[in-house]
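Have a look at this one with me. I thought we could go through a few of the labels and ask what stands behind each of them.

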Amino acid sequence: MNVLVLNSGSGSHKCSLFCMGDVLPAKPLEPTWKAVIMATAPGNTAQELSLTIECQGRKTERKTLPSNLSSTKRVEYLLKRLEEDKSSILKDSPQIDAIGHRVVHGGTDFDKAVVVDAHVESVIQRLAVFAPLHNPVNLEGIQVAQEIFGFKIPQIAVFDTSFHRTLSGAASTYPGPYEWLGKGIRRYGFHGTSFRWASGQAARLLKRENDPDLRLIICHLGGGCSLDATVGGKSLDTTMGFTPMDGIAMCTRSGALDPGILLFLMRENPDVDKLEETLERGSGLQGLSGLPGDTRILVPDASKGNKRAKLAMDVFIHRLQAGIGQMTASLNGRPDAIVFTDAIGEDEPAVRMRACEPFKFIGVEVDPEKNAASPLDSDISLPRAPVRVLIVKSREDWQIALECHALCV
């Protein structure tokens with residue numbers, strides 16, 4: 001069974017092809033073919049688009065694309081390249097059996113992956129007002145795939161929000177007027193596909209698979225950042241809420257703010273679109289530092305004395321520590337492990353070390369040498385620590401492929 005996964009986000013478009021049998025392997029497969037278009041800003045604020053293509057684990061192409069390439073054109077480019085390469089990489093069984101799509105916002109309509117039909121598309125479109133950076137891009141991916149591959153191949157939507165349908169009423173409700181609930185104003189949570197994989201992988205690393213009492217705090221730290229508290233693999237609390245702008249500080253997003261700030265700014269200049277642009281793309285690490293919101297730039301710049309870079313990283317860490325504290329309280333006791341995943345979580349030892357420092361009192365102790373090496377899918381705690389600290393490689397695409405496989409086999 002050949003499953004194509006399209007993962008379109010606010011800053012990247014990823015296309016991965018997995019060749020899966022009827023019986024799933026014990027360990028995750030690497031994609032047979034993978035292409036990524038990434039928005040980058042190396043050392044300056046002028047965005048560039050970089051394309052990387054890997055076949056059988058080897059990089060076969062790397063180049064820069066026009067920076068004005070629209071989201072739809074980026075998806076078209078990736079899927080047409082796959083069509084060109086398909087016959088050479090899928091010699092025995094050249095057909096694609098299913099196409100899985102990461103969709104950020106499914107509201108309360110979906111609690112699991114579903115086959116896309118007209119109703120599903122309409123719901124994704126309706127919920128775009130809650131996730132304007134993501135749902136329109138996700139829907140474009142579905143529609144472009146239909147145009148290129150036809151309507152006979154099942155398209156499957158895997159929703160980030162579905163993982164958080166286990167939140168309690170207390171955790172999912174804002175303390176505003178009760179009528180807000182009738183308007184769909186509630187906490188939904190995001191990054192669910194990442195959390196679902198990370199929680200399962202952490203359980204395997206800890207040799208506590210299917211343990212209903214396993215208590216984890218998972219830190220998904222990438223372009224968007226959020227935390228989740230899970231018990232037995234089920235979401236108990238999370239830092240993102242009504243939209244992916246809520247929670248801790250992020251690369252270009254503000255995270256949670258005093259609502260009074262927004263009222264103040266709206267009275268100064270009642271331009272909602274401009275305010276949205278500021279909160280989505282001009283805040284967080286980028287807004288505070290004046291540099292690209294990239295920790296690969298900011299961490300070394302902060303260590304060299306750049307005051308704005310240092311402030312940005314200090315605020316990021318402060319909010320991250322506060323989020324871990326919040327998740328600990330929601331677990332109503334000490335976690336069994338703190339898990340770091342996605343680009344920043346996997347690649348920034350200084351972020352992990354600083355994030356864990358305040359929690360020595362509950363038994364969190366990081367091994368400095370292991371942490372510095374950033375070993376993926378590994379425990380980086382000191383042997384004596386009762387709370388383990390894990391680095392889990394983000395495998396959203398493989399998790400989407402697994403959910404497609406479960407629906408189609």
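This is a predicted model: local features need pLDDT of at least 70, side-chain atom pairs count only at pLDDT 80 or more; totals for chains, interfaces and linings use all residues.

Q: Why is D228 called buried?
A: D228 has a relative accessibility of 0%, and buried means under 20%, so D228 counts as buried.

Q: Where is D228 found, and which residues does D228 touch?
A: D228 is found in strand β10, residues 225-231. Leaving out residues up to four places away in sequence, D228 touches F163, H164, F195, L216, I217, I218, S235, D237, T238 and M327.

Q: What makes the meeting of the D228 and T238 side chains a polar contact?
A: The two side chains come to 3.3 Å, and the cut-off for a pair of N or O atoms is within 3.5 Å.

Q: Why is the pair E30 and R395 called a salt bridge?
A: The N to O distance between their side chains is 3.0 Å; a salt bridge needs a side-chain nitrogen of Lys or Arg within 4 Å of a carboxyl oxygen of Asp or Glu, so the pair qualifies. This pair links distant parts of the chain, 365 residues apart: E30 is in the loop between β2 and β3, and R395 is in the loop between β14 and α15.

Q: Are E30 and R395 buried or partly exposed?
A: E30, with a relative accessible area of 48%, is partly exposed, because that class runs between 20% and 50%. R395 is at 15%, which is under 20%, so R395 counts as buried.

Q: How do you know that E61 and K63 form a salt bridge?
A: Their side chains meet at 3.7 Å, N to O, and the limit is within 4 Å. E61 and K63 also belong to a salt-bridge network with R81, E84 and D85.

Q: What makes the length of helix α11 close to the expected one?
A: Helix α11, residues 307-331, has 25 residues and reaches 36 Å from its first C-alpha to its last, close to the 36 Å expected at 1.5 Å a residue. Just after α11, N332 takes a positive phi of about 60°.

Q: Why is I261 called partly exposed?
A: I261 has a relative accessible area of 37%, which falls between 20% and 50%, so I261 is partly exposed.

Conventions:
Residues are numbered from 1 along each chain as its sequence is written. Side-chain values use heavy atoms; hydrogens and water are left out. Helices (H or I, at least four residues) and strands (E, at least two) are DSSP runs, numbered from the N terminus. Buried means under 20% relative accessible area, exposed over 50%, partly exposed in between (1.4 Å probe, protein chains only). Contact means heavy atoms within 4.5 Å. A polar contact is a pair of N or O atoms within 3.5 Å; within protein, one must be able to donate a hydrogen and the other to accept it, and residues adjacent in sequence count only if both atoms are side-chain atoms. The expected span of a helix is 1.5 Å times one less than its number of residues.
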